[in-house]
Amino acid sequence: MSDYNFEDINRMYFDVLKEIGNIGAGNATTAISDMLGLRLNMEVPQVKLLSFQELGSAVSAEDDTIAGIYLELHNDLEGSMMFLLKMDSAHYLVNRLMGRAEGYDAPFDEMDLSALKEIGNIIMGSYLSALATMTKMRIAPSVPFLAIDMAAAILSVPAIQFGQFGDDALLIETEFGDDVKVSGFFILLPEPDSYGKILSALGIEM
Amino acid sequence: MGTTVKVGMADLNLCKSPDMITTLGLGSCIGIALYDPVKKIGGLAHIMLPDSTQMKNNQNIAKFADTGIEELVRRMIAAGASKGRLVAKIAGGAKMFEVSVGSNIGNIGARNAEASKKKLRELGIPLRAEDTGLNYGRTVELYTETGEFRIKSVGKPVKII
């Protein structure tokens, strides 16, 4: 396992990782629909393998403000996960959850921030439960952490984690919505040993 | 005003007066600006990790504080700068998420800042100013006409160091 770097793994098992991404994002969309009491349609998620030079501007322009919610993962799977939203999507989801009129975009107050954290937590939780079911692994996420800042600054966190083992990262973009489209982005960052565990749990020998 | 040179993540470059060199959205990474005030040559490295010797995957020299700074100095000398005149300013190294202390990314920003300063000391390049740590992202701009290092953050006034 340790003889492989992330590039090899990502390229060889792109299809498997894509499938995990599809199922995880599907579950996450269902979770948002339930939470907001909406019927949401999901587009087919786009799974991209990006160099970290590309990662900084993959969600939005590098110095655009975005929201990032981050979880640390423990137990059978060690690593972390991020869910990223552009600000218009973040405002849309918070407004729906808080029962506000659409288009309200005053800066988030404490209550809004904690709602946003929880939205991220629920979305990533349902993604992770899909992954846990498929792999029969136990995954224990931390409490959610939130940052609202420049896209490249938030993405420096996964970039640094990927950067320790390779030069690219797997980004999953999923769009869902009714009349308004919301784009969310997932980044799953297993540590290299955990990557191997996920793949062997799915019956793939390294 | 001259043109603007943009440096990406794990990247470095340089320019001469009247040009400006910038990197957008430093989070836990560090932007290391080197400047020769006589030749008015400015260089900027955007490093992600502290130490290349601890990594197996270390081909990209601009990714690490140690090899990135060495390479930037080499390129600046090749472009006509004098090593004895180089001065440094650094920014970045934030802790973007308030994660637990034991986390492997929790203190990466601080480690990046520390490793950058250590390398500058080794090379005998004086650190004139720094704006590191805390919990927010920074866009930096080095103006080669003056050596000014401007730092922009979301919801904060522009800082000049």
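Two residues are in contact here if their C-beta atoms, placed from the backbone, lie within 7 Å. Keep that cut-off at hand for this walk through a predicted model.

**Stop 1: chain A**

Of the 206 residues in chain A, 43% are buried.

**Stop 2: a helix pair in chain A**

Now pick residues 14–36 of chain A, helix α2, together with residues 110–135, helix α5. Their axes lie 7 Å apart and the helices pack at an angle of about 135°. Parallel, antiparallel, perpendicular or oblique: how do α2(A) and α5(A) stand to each other? Angles over 145 degrees count as roughly antiparallel and 65 to 115 as roughly perpendicular, and α2(A) and α5(A) are therefore oblique. Turn the view to look across the pair, and note that the crossing is right-handed.

Show side chains next. On α2(A), the residues that make the contact include Ile20(A), Ile23(A), Gly24(A), Ala28(A), Ala31(A) and Met35(A). Facing them on α5(A), look for Ile122(A), Ser126(A), Tyr127(A), Ala130(A) and Met134(A), among others. Colour this contact by residue class and you get 13 nonpolar, five polar and no charged residues.

**Stop 3: chain B**

Hide chain A for a moment and select chain B. Two helices and 10 strands make up its elements, and from the N terminus on they run β-β-β-β-β-α-β-α-β-β-β-β. The radius of gyration of chain B is 15 Å, close to the 15 Å that the globule rule gives for 161 residues, so chain B is as compact as a globular protein of that length. If you draw a box along the principal axes, the C-alpha atoms of chain B fill roughly 45 × 40 × 25 Å.

Colour chain B by burial, and 50% of its 161 residues count as buried. As for its contacts with a separation of 6 or more, 62% are between residues 24 or more positions apart.

**Stop 4: where the chains meet**

How many residues of chain B are in contact with chain A? There are 28, and they meet 27 residues of chain A. On the chain B side, zoom in on residues 20–26, strand β3, which gives the largest share with three residues. By class, this side of chain B has 16 nonpolar, nine polar and three charged residues.

Notes:
Residues are numbered from 1 along each chain as its sequence is written. Chains are lettered from A and ligands numbered from 1 in the order in which they are written. This is a predicted model: local features need pLDDT of at least 70, side-chain atom pairs count only at pLDDT 80 or more; totals for chains, interfaces and linings use all residues. Helices (H or I, at least four residues) and strands (E, at least two) are DSSP runs, numbered from the N terminus. The radius of gyration is taken over C-alpha atoms; the globule rule is 2.2 Å times the number of residues to the power 0.38. A residue is buried if 20 or more other C-beta atoms lie within 10 Å of its own, exposed if 12 or fewer, and partly exposed in between; C-beta atoms are placed from the backbone. Axes are lines fitted to C-alpha atoms, for helices over the stretch in contact, and angles run from 0 to 180 degrees between N-to-C directions. Angles under 35 degrees count as roughly parallel, over 145 as roughly antiparallel, 65 to 115 as roughly perpendicular and the rest as oblique. A crossing is left-handed if the near helix is turned anticlockwise from the far one by less than a right angle, and right-handed if clockwise. Ala, Val, Leu, Ile, Met, Phe, Trp, Tyr, Cys and Pro count as nonpolar, Asp, Glu, Lys and Arg as charged, and the others, Gly among them, as polar.
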